[in-house]
Amino acid sequence: MFMMMLQVPPIFVVTMLILMPPVTNGQYYVERLPPRSRAGIVPVVEAAALPNGVTSPESSTVAAAAARTTPVASGENKLFWNRTKTTTMMSQSANDEELLPTLANGHLGFTVFGDAIYMNGLYNGHRGLSHRARIANIANIRLSFSGGNQPPPIPSMDFESGTFRVDYRGPNNSFRVVQLIYPHQLYNRAIVNQFTIERIDGKDDIRIGIKQNPTIPNTEDIAFSPVKTIFISSGAERKHRNRTDEYSFRVYQTCGTTMELEDPEHQRNQQRQVCVLWNHVPEELTLERSESTVSYKFIMTADESANLARQDLTDALRTANDELLRLHGDLWRAFWNDFDITAEGNPTLERIIRASVFYLISNFPLNPSRSHLFGGLSPTGLGRGGSNLDDYEGHSFWDTEIWMFPVVNLIESRFAEMMVDYRFRRMDAARQNALASGFRGAKYPWESAWSGIEVTQPCCPEVAQFQHHITADISFALRQYFAATQDLVWLRNQGCPLAQAIAEFWASRISPDPVTGLFDIKEVMGPDEDHENVTNNAYTNVVAAYALFFGDLTNCLCSYQDDDNSIDSGNKTHSTDLDKAELLMAPPFSIWSSLAKRLKLLYDTVNDYHPQFEGYRLGTVIKQADTVLLGYPLQYPGMGASTRSNDLRFYESVTRRSGPAMTWAMHAISHLDLGELEKGSQLFDQSYKKYVREPFLVWSEVEPGIRGASNFITGAGGFLQAVINGFGGVRLFLDRMEIQRPKVPMSTRRLSIKGVRYLGAKLSLTVSGDESTLEFTSVTRDMIISIGDSEFETITVNKVYDTSDATAIIKAKDSIYKNCNIPEEVISTVHS
């Protein structure tokens with residue numbers, strides 16, 4: 001067992017005290033690093049592989065002190081940060097990974113001190129057994145001490161710089177060690193461990209045991225080749241140019257392929273490759289008697305390309321420790337400088353908001369030059385997966401589009417585009433899926449991994465068979481992305497083909513009712529997974545109608561572009577190679593819309609509410625938010641306030657406790673929309689307080705005592721929507737953004753949301769009591785804003801607009817919808 005000490009540090013930092021179990025230490029050989037150098041690339045020298053775990057003095061003399069840096073006076077050591085801490089005691093199991101943070105950089109992800117590393121887009125397993133492939137976590141490195149009395153180590157998570165830190169004190173407070181762990185955001189094929197030892201008292205050599213567990217990356221998912229040893233020049237000037245000298249890094253390398261293809265037919269029997277490299281980890285770290293401080297670094301890299309993995313490892317090893325940390329931290333600090341949310345007077349809420357943003361955004365590459373083909377965003381993020389069903393195996397569900405995408409879309413359009421591009425690149429598989437099911441267009445699987453085929457576990461065929469709303473959810477995300485960017489280039493190249501393929505699917509999926517002349521959607525399961533094979537699920541019918549309406553709108557927009565295929569997007573003219581004839585193959589305008597208008601939406605006239613599906617009886621227990629999603633995020637326009645209120649009241653009372661966190665965030669938003677601040681705030685608290693685990697503010701899928709996913713960023717996404725779209729009042733429509741009377745969460749004096757993106761502009765809003773303001777920090781195109789009865793023909797950067805007790809409406813000055821009418825998007829109400 002171990003004890004935790006929860007700290008109350010600066011708002012971006014959380015800490016705990018752990019009594020870690022001792023780590024057995026063996027014989028050691030310390031390698032030394034030469035003086036710092038930033039010289040150019042020098043070819044590596046390959047050597048015969050050593051047996052794993054064996055270190056010979058001869059080979060170490062050749063490899064030379066690869067992990068060690070030149071001593072630095074303690075006053076100059078930039079790795080130590082001053083903090084003021086207040087402590088509270090708590091306890092937990094040392095083996096419980098659910099409390100530890102999951103870190104990622106868009107390419108690699110892992111849980112701190114966990115047993116696995118995961119790589120973007122790397123899956124193993126056939127069809128329903130496909131899962132994110134495990135790479136054994138050779139970056140799992142810990143210290144061990146022997147003899148004397150030393151306080152337990154204190155871990156902390158710094159969200160501002162994206163680093164996990166462990167502070168150790170030696171016996172009798174004779175020295176201290178700082179360990180930093182982070183997936184590097186600049187060299188994003190790398191995971192870094194840095195150790196700095198600082199002498200406090202005494203004059204003898206200080207030797208500290210260190211354990212790497214495991215020492216090779218082998219797992220059941222990947223067939224790795226034997227490990228080989230190579231030597232990478234440090235880049236320092238060498239006295240003996242004709243031989244490998246003492247200024248080299250000893251590095252291990254192995255490459256392998258996944259054991260089993262997800263879809264052999266379409267992957268053409270080509271297993272995915274991954275190469276892993278890491279520098280040598282000795283068995284002890286030493287601070288010699290002549291030194292006051294010394295630093296070590298241990299780095300592993302992974303990529304499909306051995307050359308790219310080797311290049312990042314080389315660059316990272318040649319970079320001085322403090323510079324390596326700065327390059328990583330600067331990217332995170334730049335992000336927070338662009339986007340941040342503060343809750344003045346409520347530090348606990350502010351910490352949870354920032355942690356939620358961090359755990360969500362860390363799944364993307366902050367460095368634009370290091371973007372990879374995005375492999376999807378699963379409910380527990382890039383750093384969890386494997387065959388563990390609690391981690392959803394790294395698959396992409398509707399969570400991506402409905403719970404996480406709306407937040408990402410307002411924070412960084414580059415990341416949002418990566419998310420919709422993931423679906424676009426799997427459109428061919430979705431077309432084949434539709435054809436195999438007897439439909440036209442594109443039908444997306446409930447669970448998607450690498451190939452885009454259905455990869456739902458054999459345990460749960462009903463969710464794959466009936467949860468067809470996922471396909472409409474993807475169209476809804478396309479619509480929201482286009483609403484936020486009005487990017488006509490993207491629309492022509494990706495948005496139109498995909499939106500129309502989805503509309504074509506729904507046109508073939510609906511069933512005519514010969515009695516009423518309306519249309520049903522039969523044999524579905526809505527978000528409430530407790531009820532399968534139902535007819536006319538309220539959520540499914542409305543979101544499917546939106547997909548049909550959007551298919552028509554995109555058809556119109558793409559067909560009305562100039563004959564020379566030039567598209568004006570954001571004051572810039574681009575060209576596209578998509579043949580207009582392809583776009584005109586879609587049905588004439590309004591055919592899909594006419595089908596959408598005749599879809600049924602059930603309505604109980606006696607109780608003034610929407611039954612969830614045909615045959616639903618009041619009082620029937622449901623799993624999670626379903627019909628209430630019509631209010632938000634769908635913002636269905638054909639519903640009155642009393643009906644929306646009754647939907648909330650009826651379904652709140654029957655939602656089971658074991659459901660996920662997002663339900664209460666959606667209920668909170670709708671209550672806030674109805675002006676019910678106290679009730680909205682109560683449900684907002686319910687949406688996170690029992691789901692966020694101290695001390696590192698890690699999201700859980702369920703309340704304590706119930707088994708569920710950890711690092712549940714789906715829940716973080718729903719929570720952040722309650723903050724931004726609920727209290728912040730930020731709403732996207734196809735032709736505008738509205739800021740609808742922002743509110744302050746209870747127990748909070750002031751809420752500030754900085755860096756919301758719309759049409760290339762960045763805007764910040766602040767609300768305190770009954771006062772609210774809006775400010776644009778940058779604008780890239782001509783836009784107008786109206787606030788109540790006042791309208792401004794131009795937006796002035798850095799001007800503060802008073803939005804108190806009014807809705808602000810922001811639009812592009814020149815509408816892109818001149819030739820295409822935005823549909824009303826109301827379907828047929830059927831009284832019951």
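Guide: Helix 16 (residues 662-673) and helix 17 (residues 677-686) pack at an angle of about 165°, with their axes 8 Å apart. The model is predicted, with local features needing pLDDT of at least 70, side-chain atom pairs pLDDT 80 or more, and totals for chains, interfaces and linings using all residues. Residues are numbered from 1 along each chain as its sequence is written, and side-chain values use heavy atoms, without hydrogens and water.

Visitor: Why are helix 16 and helix 17 called roughly antiparallel?

Guide: Their angle is about 165°, and the class takes angles over 145 degrees between N-to-C directions. Helix 16 and helix 17 are therefore roughly antiparallel. Their crossing is left-handed (near helix turned anticlockwise from the far one by less than a right angle).

Visitor: Which residues make the contact of helix 16 with helix 17?

Guide: Helix 16 gives W664, H667, A668, H671 and L672. They meet L677, K679, G680, L683, F684 and Q686 of helix 17, with contact meaning heavy atoms within 4.5 Å. By class, this contact has 6 nonpolar, 4 polar and 1 charged residues.

Visitor: Which residues of helix 7 and helix 11 make the contact?

Guide: From helix 7 come E417, V420, D421, R423 and F424; from helix 11 come W490, N493, Q494, P497 and L498. They divide into 5 nonpolar, 2 polar and 3 charged.

Terms used
Axes fitted to C-alpha atoms, helices over the stretch in contact; angles between N-to-C directions. Helix = DSSP H or I, 4+ residues; strand = E, 2+ residues; numbered from the N terminus. Parallel < 35°, antiparallel > 145°, perpendicular 65-115°, else oblique. Nonpolar A, V, L, I, M, F, W, Y, C, P; charged D, E, K, R; others polar.
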